Amino acid sequence: MAARSFAVIAAGLVALLALGPVVAVVWRAGGFATFGPGDMQALRFTLWQAAASAALSVGLAIPVARALARRRFVGRGLLVALLGAPFILPVIVAVLGLIAVFGSQGLVNRALSGLGLPSLSIYGAHGVILAHVFFNLPLATRMILQGWLAIPGERLRLAAALDLGPWTMLRVLEWPMLRRIVPQAFAVIFVICLSSFAVALTLGGGPRATTVELAIYQAMRFDFDLGRAAALACLQLVLALSAGLAALALSGGTGFGAGLDRAIPRWDADRAVAKVLDAAWIGFAALFLLTPLVLVTLNGVPGLTQLGASTLAAAGRSLAVALASTLLCLLWALPLATRRGEVAGLAGIAISPLVIGTGLFIVVRPYAAPTDLALPVTMLVNALAALPFALRILRPEAESIRAEHRRLAQSLGLSGRVWLMRILLPRLSRPLGFAAGLTAALSMGDLGVIALFADPGHATLPFHVYGLMGSYRMEAAQGAALLLLALSLGLFWLFDRGGRVNA
């Protein structure tokens with residue numbers, strides 16, 4: 001009963017923090033404003049870039065995942081693990097890495113110049129799509145790879161006994177799996193790209209490369225048109241929900257059923273052409289994903305000497321915000337780690353964080369200056385935005401623990417405190433550590449609400465790096481970005497390792 005009460009309280013707080021600020025923005029604006037020509041252009045660009053980014057990410061992920069599923073080589077496990085790195089990589093760090101590869105003085109343009117070919121620009125629509133593919137190709141690859149690995153070995157053994165050719169294998173085994181997995185992957189990436197802010201802010205090329213989220217930021221930051229911002233936020237919410245419903249409608253069908261979990265060699269990949277193609281796709285993925293990270297590290301080392309007191313202070317503020325966000329997110333996630341609770345937690349990702357932050361500032365404005373509360377509000381919004389990911393990690397394990405131990409705990413008359421400390425938390429330590437690491441890394445690299453109201457004296461490290469880039473102090477920005485990368489990955493490693501110890 002106490003657990004249910006805590007879940008109701010947590011769900012109420014999440015709903016209040018997610019929906020209350022939106023109501024405050026609409027009330028303060030006196031209603032919704034009408035859309036202008038620029039907003040319609042932002043809507044068209046948002047839909048186009050999200051569809052193009054999702055299509056490219058999923059389209060490239062299919063051959064990469066297929067190659068990883070049927071090849072075994074030294075370093076394969078490390079490469080698959082690194083596929084998750086871009087998801088927790090701070091956006092501003094990834095942007096610097098992509099600029100080092102595709103910028104005016106990057107590796108690609110220097111090679112084109114040497115060949116006498118025209119240079120490429122990373123800014124504008126193609127830059128936004130390139131960055132989205134960099135972030136989401138690993139996510140799509142991991143999702144599709146799991147589908148390939150879930151095909152029972154018995155089906156593959158039967159296909160080998162029947163001597164099925166590659167095209168028959170594709171039609172009988174691989175295409176049914178792709179038809180089930182690909183729409184889900186496309187919809188997830190489409191929703192992520194719909195709410196793109198930091199990528200469009202840093203790489204967008206003017207009005208023609210403005211997303212709806214960036215239009216919300218401009219309406220608040222420069223025009224203070226809250227009615228227009230609220231209308232755009234509701235439009236974005238409708239788009240996200242529509243994409244989610246479309247994913248559910250398109251991703252019907254069941255898997256291949258259970259097998260004996262016996263791995264068998266993939267005989268269909270023994271052909272020389274298949275080996276060359278698989279090696280090429282794996283090499284492409286490794287080169288595309290790892291080169292920006294390597295260049296960020298190499299370019300950032302000289303800039304470490306330019307880290308001044310302001311950079312270190314910004315790093316300290318980011319660490320404080322990340323740790324506070326992680327604690328608050330886990331306090332919400334533990335009681336909400338149920339099927340109904342996970343639905344309630346989705347509010348944090350469906351509603352624009354910029355609108356939530358602005359609504360919170362409107363609520364507290366009579367009592368304090370917005371700049372004084374920039375960090376606490378950022379902490380709340382970051383915790384809310386990370387809650388859906390934490391719930392997705394915790395809920396399956398938490399439900400399993402309840403199903404296996406609830407009756408025994410009731411028969412022994414265990415109190416809620418004993419149940420939490422002796423049963424739930426020890427068995428939940430591994431996913432809890434992973435959820436904490438993911439939340440801390442995402443919060444550490446966030447460049448969202450803080451960009452609206454923070455002044456230089458209250459800047460977090462990502463906002464400080466963005467300011468250095470804006471003032472063309474690129475060497476100092478690269479050094480600060482390397483520090484941000486180290487802190488983000490360090491927090492993830494520390495929490496995730498703590499969750500694995502004696503799990």
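**A tour of the enclosed spaces**

Begin by selecting Ser 318, Val 321, Thr 378, Asn 382, Ser 443, Met 444, Asp 446, Thr 460 and Pro 462, which line the second largest cavity; a cavity is a set of points on a 1 Å grid over the protein atoms alone where a 1.4 Å probe fits but cannot get out, and lining residues have an atom within 4 Å of a point. This is a predicted model, in which local features need pLDDT of at least 70 and side-chain atom pairs count only at pLDDT 80 or more, while totals for chains, interfaces and linings use all residues. Residues are numbered from 1 along each chain as its sequence is written, and side-chain values use heavy atoms, leaving out hydrogens and water.

The second largest cavity holds about 40 Å³ of space, a volume being the space filled by probe spheres set on the grid points, which are joined across faces, edges and corners.

Next, select Val 91, Ile 192, Ser 195, Leu 442 and Asp 446, which lie nearest the centre of the largest cavity, among the 36 residues that line it. The volume of the largest cavity is about 930 Å³.

Now move to helix H11, residues 212-221, where eight of the 10 residues are buried, so the helix is largely enclosed by the rest of the structure. Helices are DSSP runs (H or I, at least four residues), numbered from the N terminus, and buried means under 20% relative accessible area with a 1.4 Å probe, protein chains only. Among the buried residues of H11 are Glu 213 and Tyr 217.

Finally, select Cys 193, which counts as buried at 0% relative accessibility, and then Cys 329, also buried with a relative accessible area of 0%.

Notes. Buried < 20%, exposed > 50% of the residue type's maximum accessible area, 1.4 Å probe, protein only. Helix = DSSP H or I, 4+ residues; strand = E, 2+ residues; numbered from the N terminus. 1 Å grid on protein atoms, 1.4 Å probe; cavity = no way out; pocket = protein on both sides within 12 Å on 5 of 7 lines; lining within 4 Å.
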